[in-house]
Amino acid sequence: MGLLSDPNRRRALISMLTRLNAPICVVCYMAGVAWFMGLAFEPFTLRTYMSENAMGSTMVEERFPSGERALATAREFAAHKKKVGGMPVDWLVKTMEARGLEVFTQRFSRTLPFPDENKERYMVKGTNVYGILRAPRAPRTEALVLTAPCSPDDSNNQAVGLLLGLAHYFRNQIYWAKDIIFLVNDHDLIGMQAWLEGYHHTNTTGMDWSPLQGRGGSIQAALTLELSSDVVTSLDLVLEGLNGQLPNLDLANLFYAFCQKIGVLCTIQGKLQRNDWDSVSGYSHAVQTMMLMVMKQASGRPWGDHGLFLRYHIEAATIKGINSFRQFKTDATTIGRLLEGMYRKLNNLLERLHQSYFFYLMPSLSHFVSIGYYMPAFGLLAVILLLRALDLWVQLASPPPRSEDGMTDVEESSPGLLSVLTPLVISHLTGAALYLLPIHFQEMAVEHFPVSETEAVVLTAIAVYTAGLALPHNTHRFVSGEGTEQGWRVLKLVALLYLAVLLGCTALINFSLGFILALTLVPLAAFITPHVPKVLSAFILVILSPACTLLFSVFFFQELQEMPVSFQDGWVLYLSVISQGILDHSLYGSLVYPLISLLVYPCWLLFWNILFWK
């Protein structure tokens, strides 16, 4: 404190920070990237451990015996689904009632703002079927959920069969202290959204659904089951939810503990566990796994039906059976025993899961990186913005230059308010146009151009984004004539502080998204001025823009998944990602698209305006 309270020392510190500003910023950026890449190294990680005492031991005996019967039920379900051409509602109701459950249905419908070409649908109508197993020895104030989505194809029939088999087995047990809800939801995420809104008496997305006739207690935890075939070689844990939310780490620890106990091969991000952390290949494997989690979390979309539970403060995850490792095999009985053990442990909870971490990254199922370890990587990038803002503040506070007669150049020292305010307003109006026009102008675009509704939405968004490059720059000249040297400094100071606050708030909610944006936006924000070479700087500015960052992320994500694509296929995938982002915002309330269009893109336009300041 003495360093800051003493005027002489404070001036010396500020003088040093301004004199060495550029080298310090470069060192901070390199240190931030190096810190993040080092997070996957074992000394930076912590071994997973169970924080919740009620789930601290896996000493329960799993006795689920009916794996083959569950697969037979799955084949029967598939036959009825094929016969009716969709969800076999009547058969599911009769089957659940035969297993002693209280069975209810919920009808829902949703008109999409534009067609989802990935799944070829525009108007979605469906029916959810769920059965409630009432707790025999409890006041029925709490509940657990097991859900299996009914897919249009045959990819998840085994999960529905196993769900019905577990319902029959659980019905004969007397130790349940919580209601258990067995849900088969139609149309994947849309059906899950309708059921959750009906269960919690909310309607945040404008969906039409019938009220639920039966409810259990307050939902404490949920698991979604997805099985690709009768042969499952490993179980993959999916954690990423809506807007980058993650479940309590104890839920992942519980899954890993039972996989270890029962001897089931388990993966995360589709990658096996490795123990050679000290080797180059082991470290590379951990980095790829962690980066896959970062990319998925940054997307803001729910990567399974569990992702929609998290917004209601319900800890949830998706267990996905995959068939990629031919030397291993896990049968339905083993998967049923694993789920039985997990639900028996969750049944012991006296309160919601809260003792472990909600903010973490996982390079493997046995290790995690806590928020206290990964946040300094972002902090090293964010401090660059504050250092550059401090440098500009000192320049603006220094006495203005005097002419030979001793008079101050008033125009040079006092930039007009409108010359700074006008770029801010027009940049944000451009962002509002990017947010509003693609959906509202799709009909007009379809009438005048030979494109589909989805293509019209995406191409309109790209057109507005590109047009924004021509609108804001030099707009201050229409109001106050030529800009001053002090004017662009004031605008950049505002833009730097704006970006620092924006990235800081984003990183607190979704670290992965905030860090990726910081990687690209911080360098251009730090060093852009009107005096750098225009053509080269404009090219770099476009390369580091949000749209190009998304394009690079698409190719990088495919490389991490070991499924590289050509540029043409990558471009098609890029357009699909844009349409899916807009659709996720309309259907589920994903915040990534409005964040980019209303805040990040206008902020980037401010730096574009500074580059062309005259």
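**Exercise 1. Which residue of β10 is the bridge partner of leucine 225?**

*Solution.* The model is predicted, so local features need pLDDT of at least 70 and side-chain atom pairs count only at pLDDT 80 or more, while totals for chains, interfaces and linings use all residues. Residues are numbered from 1 along each chain as its sequence is written, and side-chain values use heavy atoms, with hydrogens and water left out.

Step 1. Helices (H or I, at least four residues) and strands (E, at least two) are DSSP runs, numbered from the N terminus. Two strands pair if DSSP finds at least two bridges between them.

Step 2. Strand β10 covers residues 315-322 and runs parallel to β7, to which 7 bridges join it.

Step 3. The bridge partner of leucine 225 in β10 is isoleucine 319.

**Exercise 2. Describe the pairing of β4 with β7, and the surroundings of β7.**

*Solution.* Step 1. Strand β4 (residues 142-147) pairs with β7 in the parallel sense, over 6 bridges. Opposite threonine 147 stands threonine 224 of β7.

Step 1. A residue is buried under 20% relative accessible area, exposed over 50%, and partly exposed in between (1.4 Å probe, protein chains only).

Step 2. Strand β7 (residues 218-227) has 9 of its 10 residues buried, so β7 is largely enclosed by the rest of the structure.

**Exercise 3. Locate the largest nonpolar core.**

*Solution.* Step 1. A nonpolar core is a set of buried Ala, Val, Leu, Ile, Met, Phe, Trp, Tyr and Cys residues joined through side-chain atoms within 4.5 Å.

Step 1. The largest such core has 114 residues, and those with the most contacts inside it are Phe36, Trp195, Phe309, Trp604 and Phe607. Helix α22 (residues 592-611) gives the largest share, 13 residues.

Step 2. Domain 1 (12-41 + 373-399 + 416-612) and domain 2 (53-271 + 303-365) both contribute residues, so this core lies between them. The domain bounds come from an automatic or database domain assignment.

Step 3. Another core, of 67 residues, lies apart from it and includes Val60, Leu133, Cys150 and Leu166.

**Exercise 4. Is threonine 289 buried or exposed, and which residues does it touch?**

*Solution.* Step 1. Threonine 289 is placed in helix α9 (residues 280-299).

Step 1. Its relative accessibility is 1%, so threonine 289 counts as buried.

Step 2. Contact means heavy atoms within 4.5 Å. Not counting residues up to four places away in sequence, threonine 289 touches Ile268, Gln269, Lys271, Met362 and Pro363.
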